[in-house]
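Subject: Structure handover

Hello,

Please find the structure below. Some notes on what was found in it follow.

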Amino acid sequence: MHTVQPIDYDYRLHFNETGAVWKLSTHFLQHIPFELESLSFFCIGTDRSTGDALGPLTGSLLSESLLFPFSVVGTLEKPLHALNLREQLDEKLSEDPSTYIVAIDACLGRSDSIGHLLFHKGPLYPGKAVGKDLPPVGDLSIKGVVNIAGFMEQAVLQSTRLHLSYEMSRVISRALQLAYGRFKLAHEQLSQ
């Protein structure tokens, strides 16, 4: 989890927007290389904080899907957090240095940004809002603004409604699954 930095996001939309899953899947289809066997999804966060549970919730939803064949690191059962992030990242990159990582994490931002999903080419910096020094993660980043930044971030995360994190994670996971399904269908049609 981190605070949204003043960065130019490649794409953003509210999770509750009409057609959000389809719109997000279209963007994922254009920017995530589903053709790579070494594609991995790092779902960062902890199940001990409702605000920081976005990543593990998304990871659990993706790993439970039989139709999503990619490596998923970080679930509710086995969260990817500050204590094991560096180790998991090193392990994945030592297995395959060409691994393409999509990082998913919760973040804090302005009050009018709560509920927005942000897509950025490049890594995210987990733990920044709470002063943790963790390595940057990902070739692409998906972030969900779960609450407001600026004051007592740890308490703000603890008081974030689980419903928000859960609904945002459902949109992200459905959009990723739909994007992969659309990719697979297009690939099959081309090979006929």
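A contact here means heavy atoms within 4.5 Å. Among contacts in the protein chain between residues at least 6 apart in sequence, 74% join residues at least 24 apart.

This is a predicted model, in which local features need pLDDT of at least 70, side-chain atom pairs count only at pLDDT 80 or more, and totals for chains, interfaces and linings use all residues. Residues are numbered from 1 along each chain as its sequence is written, and side-chain values use heavy atoms, with hydrogens and water left out.

Overall fold. The protein chain has five helices and seven strands, taken as DSSP runs (helices H or I, at least four residues; strands E, at least two) and numbered from the N terminus. Their order from the N terminus is β-β-α-β-α-β-α-β-β-β-α-α.

Dimensions. Along its principal axes, the C-alpha trace spans about 55 × 40 × 30 Å.

Helix H2. Helix H2 covers residues 54-64, and eight of its 11 residues are buried, so H2 is largely enclosed by the rest of the structure. The buried residues are Leu54, Gly55, Pro56, Leu57, Thr58, Gly59, Ser60 and Leu62. Their cover includes strands E3 (39-43), E4 (71-73), E5 (100-109) and E7 (140-148), together with helix H5 (162-190).

Regards

Key
Buried means under 20% relative accessible area, exposed over 50%, partly exposed in between (1.4 Å probe, protein chains only).
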